[in-house]
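Subject: Structure for your review

Dear colleague,

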Amino acid sequence: MTTYTTMRPEVQRVQALQDFVTTMCNTCCENIRAIRAAAPNTEPFQTACMSIVRLLDIISVLNFMKMFNSSIMNDFAMFKRSFQQIRGELRADEAEQVAQQSHALHFFLANPNSIVDAVKAAVEKEPGFDEALVLVLDATIAALSTSPALPLTTEKCALLRSTVYLIYVIDGPKCNAFKLKSVKGARGVIKLNPNIPVHGQLLLTSLVVLKSAPNWDDAMERDWTQTDESCAIL
């Protein structure tokens, strides 16, 4: 019982993370609808675009940190074992609630990319999601292209992470992102920034994210990697 009572608050924090991801998914979808409803370059349009950028940046960082924090899965495994040992001592309603939560958390933790994939799955249900997100991608590329040689500030890193994950989210069975003009226009930005700081010394490798997209083809790799120092923003 001691292990169960000690670990349950930790597991509840992971549950809170999963609930937060659900909220982020809903907020992303709301902003996609706002982009489609607003006239380009108006304040509502720009606000919705900026919200998507910020949301995707938060999502990308959370996804990355969860992926590299093995202690979360280890703690959860310990909690499940302790729960099975004392399940008969709990009230029936509490035991059922914990069992259902554990089942949901298992799939959330088992998939290293579960946070981003949850957003991707939610967004793909929105009509015209790809068109809306391409407009956001155009905005991030434009912002990055104005000063490609500047140091990697916090704001620039956020734009870069959002750019990479925008491509990942757009790509899917309904849309081959890599055939889009806007996505091809992101090549220069990605080439100049193959590794993006996330937290401390942890770096996000842009190409790793792109390679996990459904329509990625290994033959495209040379188009997304810098082969010489003369690479410029396209």
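The notes that follow go from the overall fold to individual residues.

Overall fold

Please bear in mind that this is a predicted model. The protein contains 10 helices and 2 strands. In sequence order, the elements follow the pattern α-α-α-α-α-α-α-α-α-β-β-α. The C-alpha trace extends over about 65 × 40 × 30 Å along its principal axes. Of the 234 residues in the protein, 44% are buried. When contacts between residues at least 6 apart in sequence are considered, 76% of them join residues at least 24 apart.

In soluble globular proteins, nonpolar side chains tend to be buried together. In this model, the largest nonpolar core comprises 72 residues, and Leu133, Ile167, Phe178 and Trp224 have the most contacts inside it. Helix α1 (residues 2–37) supplies the largest share of this core, namely 11 residues.

Leaving out residues up to four places away in sequence, Phe178 touches Ile167, Asp171, Val183, Lys184, Leu210, Ala213, Asn215, Trp216, Met220 and Trp224.

Packing of α2 and α6

Helix α2 (residues 43–67) packs against helix α6 (residues 129–145) at an angle of about 80°, and their axes lie 10 Å apart. Because angles of 65 to 115 degrees count as roughly perpendicular, the two helices α2 and α6 are described in that way. On the α2 side, the contact is made by Phe45, Cys49, Ile52 and Val53; on the α6 side, by Leu133, Leu135, Val136 and Thr140.

Beyond its neighbours within four places in sequence, Leu159 is in contact with Val53, Thr140, Ala143 and Leu144. Leu159 has a relative accessible area of 13% and is therefore buried, since the cut-off for that term is under 20%. By contrast, 37 Å separates the C-alpha atom of Leu159 from that of Gln100, a residue 59 places away along the chain.

Strands β1 (residues 195–199) and β2 (residues 202–205) form an antiparallel pair over 4 bridges. Within this pairing, Asn195 has Thr205 of β2 as its bridge partner. The hairpin has 2 residues between the strands, and Gly200 adopts a positive phi near 60° there.

Asn193 is located in the loop between α9 (187–192) and β1. Is Asn193 buried or exposed? With a relative accessible area of 10%, Asn193 is buried. The side chain of Asn193 comes to 2.9 Å from the backbone oxygen of Val189. Apart from residues up to four places away in sequence, Asn193 touches Leu152, Lys156, Leu160 and Ser206.

Asn113 is situated in the loop between α4 (92–110) and α5 (114–123). Asn113 is also buried, at a relative accessible area of 15%. Setting aside residues up to four places away in sequence, Asn113 touches Asn63, Met67 and Tyr168.

Yours sincerely

Methods. Residues numbered from 1 in each chain as written. Predicted model: local features only at pLDDT ≥ 70, side-chain atom pairs only at ≥ 80, totals over all residues. Heavy atoms only, no water. Pairing = 2+ DSSP bridges. Core = buried A, V, L, I, M, F, W, Y, C linked by side-chain atoms within 4.5 Å. Buried < 20%, exposed > 50% of the residue type's maximum accessible area, 1.4 Å probe, protein only. Contact = heavy atoms within 4.5 Å. Polar contact = N/O pair within 3.5 Å; in protein donor to acceptor, adjacent residues only side chain to side chain. Axes fitted to C-alpha atoms, helices over the stretch in contact; angles between N-to-C directions. Parallel < 35°, antiparallel > 145°, perpendicular 65-115°, else oblique.
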